Amino acid sequence: MAHEILKKLCSGLPLNPLPPPKTSRHTDVPHAPDRKPALSNEERKLAIKNALRYFPSNVQLELVDEFKYEMDTYGHIYMYRFQPDIEMRAYPIDEYPCKCKAAAGIMLMIMNNLDKRVAQFPDELVTYGGNGQVFSNWAQFLMVMNYLSIMTDEQVLVMYSGHPMGLFPTRTEFSPRVVITNGLVIPNYSSSSDYERMFALGCTMYGQMTAGSYCYIGPQGIVHGTFITIMNAGRKKLGTNDLRGKVFLSSGMGGMSGAQSKACQLLGCIGVIAEVSEEAAKKRHNQGWCQELIYDLNQLIDRIRECREKKISRAIGYVGNVVDVWERLATEKETLVDLGSDQTSCHIPYHGGYYPVQLSYDEARQCMKDNPEKFKDLVHESIRRQIVAIDKLYERGMYFFDYGNAFLLTAKRAGAAVGGNDDKRCIRFKYPSYVQDIMGDIFSLGFGPFRWVCASGLESDLQQTDAIARNVIEKLMSTENTPNNVLEQYESNLRWIREACDAKLVVGSQARILYSDQVGRINIGLAFNEAVRNGQLKGPIILSRDHHDVSGTDSPFRETANIEDGSAFCADMSVQNIIGDSFRGATWVSLHNGGGVGFGEVMNGGFGMFLDGSAKADENIRQMLYWDVINGVSRRTWAGNKNARQTVERAMSKESKLKVTLPNDVTEECMKKLSI
């Protein structure tokens, strides 16, 4: 049955007849905020013309008024009529029609990104982050599924910001099946206003990180990183590994931010996560990622006190604005919060990423469309109030960190007193980025968000991969001469993978996240491929990672915030990474402008790798996963990070072909001369 549904889905654009128009949008899922792009009348006509060119002339008249309505009502042409009326999810790989099994794996990943359990705004093809698109419209989705179903190993699918440029001949050996670019523009035209115009025209899209690269695995994708971040914040700033009775306050449960509440459960602390969207809060509560919802602020404060006093581990969702919580906590006599952060989508603060405290959720959505200038002013006022409350609690001993969502950057632009100088290249503020204080050194050891998906769709396969990964980690821990700082990360890995199954982390595809290093990734990948080959696993494995990784992202306000040799604003690393991955065995690669901190603020890329049990897959693992980590560690070494240098020197001692340029320390005598 599923095979027939997918066969029809992959048959291309339905044109004879056209599917009936959608008279209304689905009411059982949240929708992206309506946009108001500043298009001239000529540009509006161009946007509609651009949408119509996907369809032959004999059906264009039937579609033109509909596309005009979508543009004028929603600010973008999503082509809702062509959204398939099927259950969108990751089906087992054998159900997909294909000539190339790796292409079926990519189809599985795409459909997982659009699963309504996974996606933030599934009808608008947004996976997470408020505007992280998989595609720009539903015609593109259908065309891509058709191309993937008919492609062979001698073809590559080329994707231009959601648009399938087509299938092109290529060499079979080491050539990717899909090459994706998202949001790549001429640098002088990389502002948010440029993006809004080009997205409305249907010329570009914001792929976030793993949305437009088809590698999202639900909020689990950043749970391990959030777990590590909060754990290390407690260890370094509170002086304890025991977080029972400690309160972590943040905001956001809509997309990836939903990981915060689950990480708090796993750590045993008290997580208080505010969410303005009741739909989003209920979704996470129903999925078990949040243990209780509270709507009343007085009740919330009482519950925090109770959990602190009794050291009750609890993930509490507050349905309301986080600014109200910060301001209320700042007036309490005792300090009721120990750790604080924020995960609103501040890369798009004026388009639904940040909701000002002065308005209700519905009022804010209306205001951002009807009066965008007023809305922007309210956002600025709200974030300034938030910083004032955070400051008061910080002075009383709370530790606050920026979680790489452009929160402090937005606060600075809003006029809040967050420190830093007036130079637009300033990347250090009053409060540190979590990369500067915590994750940067972990990245420099080569550890980052490695992940895999069981293409069979079987839970039993996921359990098998957990066991395989656990065995690999245990063997690595017994290796002689492993540095203590690496062993500490392996111990964290082992704890994580032992508890992962019981933690019920799966939302969507049967997937797992694990912060692993180069050696770990390669050995785990080889063990998975062997398990596919010998039948221990019932289907192929798809390897991937978050772009938020050792080598994948150049972002001065997040991933490279601890690069202090002046190169934090350079993007060589992420671009070189994808080029290198593409000819070393990646099944697909992607390169994006934007992601996490905003359009024009970051370059990032990722990959997918299909493991079918073949000897070729073994070679791909050894070659590509090696480069995918050592590239970023080498760059961090040149910038002066000691952990990175340790990692590179260990790698060179084991591989004679690896020759990395190492920096020389500048003497104190020279520095004294420079300071004269």
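Guide: Happy to; we'll go from the overall picture to single elements and residues. This is a predicted model, in which local features need pLDDT of at least 70 and side-chain atom pairs count only at pLDDT 80 or more, while totals for chains, interfaces and linings use all residues. Residues are numbered from 1 along each chain as its sequence is written, and side-chain values use heavy atoms, with hydrogens and water left out.

Visitor: Okay, how many helices and strands are there in the protein?

Guide: The protein has 23 helices and 17 strands. Helices (H or I, at least four residues) and strands (E, at least two) are DSSP runs, numbered from the N terminus. With a radius of gyration of 24 Å, close to the 26 Å from the globule rule for 676 residues, the protein is as compact as a globular protein of that length. That radius is taken over C-alpha atoms, and the rule is 2.2 Å times the number of residues to the power 0.38. The C-alpha trace spans about 70 × 60 × 55 Å along its principal axes.

Visitor: And how much of the protein counts as buried?

Guide: Of its 676 residues, 62% do. Buried means under 20% relative accessible area, exposed over 50%, and partly exposed in between (1.4 Å probe, protein chains only).

Visitor: What share of the contacts joins residues at least 24 apart?

Guide: Among contacts between residues at least 6 apart in sequence, that share is 71%. A contact here means heavy atoms within 4.5 Å.

Visitor: You mentioned Lys 262. Which ring does its charged end sit over?

Guide: The charged end of Lys 262 sits over the ring of Trp 289, 5.5 Å from its centre. To count, NZ of Lys or CZ of Arg must be within 6 Å of the ring centre and within 35 degrees of the ring normal. Lys 376 has its charged end over the ring of Tyr 350, at 5.2 Å from the centre.

Visitor: While we're on rings, how many aromatic pairs are there?

Guide: A search of the whole structure finds 27. One of them is Phe 401 with Tyr 403, edge-to-face, at 5.6 Å centre to centre and 65 degrees between the planes. Rings of Phe, Tyr and Trp (its six-membered ring) pair if their centres lie within 6.5 Å; planes under 30 degrees apart count as stacked, over 60 as edge-to-face and the rest as tilted. Phe 401 is buried at 0% relative accessibility, and Tyr 403 is buried at 7%. Elsewhere, ring pairs link Trp 326, Tyr 394, Phe 400, Phe 407 and Tyr 431 into a cluster.

Visitor: Now a strand. Is β17 mostly covered or uncovered?

Guide: Strand β17, residues 603-611, is mostly covered, with 9 of its 9 residues buried. One side carries Met 603, Gly 605, Phe 607, Met 609 and Leu 611, the other Asn 604, Gly 606, Gly 608 and Phe 610.

Visitor: Which strands pair with it?

Guide: Strand β16 (588-593) pairs with β17 in the antiparallel sense over 6 bridges, and Leu 591 stands opposite Gly 605. Strand β14 (541-545) is joined to β17 by 4 bridges, also antiparallel, with Ser 544 opposite Gly 608. Strand β15 (553-554) runs antiparallel to β17 with 2 bridges. Two strands pair if DSSP finds at least two bridges between them.

Visitor: Is Lys 504 buried or exposed?

Guide: Lys 504 is exposed, with a relative accessible area of 58%, and lies in the loop between α18 and β13 (511-516). Ser 161 is buried at 8%, in the loop between β3 (155-160) and β4 (163-169).
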